[in-house]
Amino acid sequence: MARGEIRFYQFLLNGFPIILLFFFALTGYSFSFNIFKINISFNFIHLIVFYWVLRKPEMLGYGLIFFAGVINDVVQNLPIGVSSINYLLLCVIASFFRTRTLVPNLIYDWILFFIAILIISSIHYTVLAIFFDENIRYGALMSTAFFSFLIYPAVAKLFNQIYLLGLKQENVE
């Protein structure tokens, strides 16, 4: 490959989490589908933020995460700052877990993600229900958290492969 193509490829690999984060924040797209009259949805932004802050925090800055939360609030028609608080709290939880773990382990990360997503969902519900008097269904919020928990290992494996591709590309140069 030509030198310019290699740099562009490296830029895409290094910028992948940022591009993905802002894609989901700007479009407001959430994976949601119905199977046997059961609404299955999960929050992909939580998966992105938790994985990349936990595994490679230099790829995703806290300022970018805050700004993506503000954009998500505008797109979702939520009070400004609610998603930003959730995302930054998720960053705090993920960085706390990162300092406490010695060896990365998918099962351990999966369980910690479940704990983090429960905390985030509870705070999200509390902030919207108490301070902004929003009518929100707690069951739908918890089912989204549960399905996000279930999909985490597959997404983590995918992100790990992308991360390894980026490492290979860095070692080539």
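Leaving aside its neighbours within four places in sequence, L20 is in contact (heavy atoms within 4.5 Å) with F44, I48 and F159. L20 belongs to helix α1, which covers residues 3-27, and L20 is buried, at a relative accessible area of 15%, where buried means under 20% relative accessible area, exposed over 50% and partly exposed in between, with a 1.4 Å probe and protein chains only. Between L20 and I48 there are 28 residues of separation in sequence, and the C-alpha to C-alpha separation in space is 7.9 Å.

The model is predicted, so that local features need pLDDT of at least 70 and side-chain atom pairs count only at pLDDT 80 or more, whereas totals for chains, interfaces and linings use all residues. Residues are numbered from 1 along each chain as its sequence is written, and side-chain values use heavy atoms, with hydrogens and water left out.

The secondary structure of the protein chain consists of six helices and two strands, which follow one another from the N terminus in the order α-β-β-α-α-α-α-α; helices (H or I, at least four residues) and strands (E, at least two) are DSSP runs, numbered from the N terminus. The protein chain has 173 residues, of which 41% count as buried. Among contacts in the protein chain with a separation of 6 or more, 72% are accounted for by residues 24 or more positions apart.

Two packed helices are described by the angle between their axes and the distance between the axes. Axes are lines fitted to C-alpha atoms, for helices over the stretch in contact, and angles run from 0 to 180 degrees between N-to-C directions. The axes of helix α4 (residues 82-100) and helix α5 (residues 106-131) come within 10 Å and cross at roughly 155°. Helix α4 is therefore roughly antiparallel to α5, given that angles under 35 degrees count as roughly parallel, over 145 as roughly antiparallel, 65 to 115 as roughly perpendicular and the rest as oblique. In this pair, V82, N86, L89, L90, I93 and F97 of α4 meet L112, A116, I119, I120, I123, H124, V127 and L128 of α5. By class, the contact of α4 with α5 comprises twelve nonpolar, two polar and no charged residues, where Ala, Val, Leu, Ile, Met, Phe, Trp, Tyr, Cys and Pro count as nonpolar, Asp, Glu, Lys and Arg as charged, and the others, Gly among them, as polar.

Helix α4 also packs against helix α3 (residues 62-76), with axes that come within 7 Å and cross at roughly 145°. The residues of α3 in this contact include Y62, I65, F66 and G69, and those of α4 include V82, S84, Y87 and L88. The contact of α3 with α4 has nine nonpolar, five polar and one charged residues. Within α4, S84 counts as buried at 0% relative accessibility, and, not counting residues up to four places away in sequence, S84 touches F66, G69, V70 and D73.

Helix α2 (residues 44-55) packs with α5 at an angle of about 130°, with the axes 11 Å apart, and the two helices are therefore oblique to each other. Here H46, L47, F50, L54 and R55 of α2 meet D109, L112, F113, A116, I117 and I120 of α5, a contact with eight nonpolar, one polar and two charged residues.
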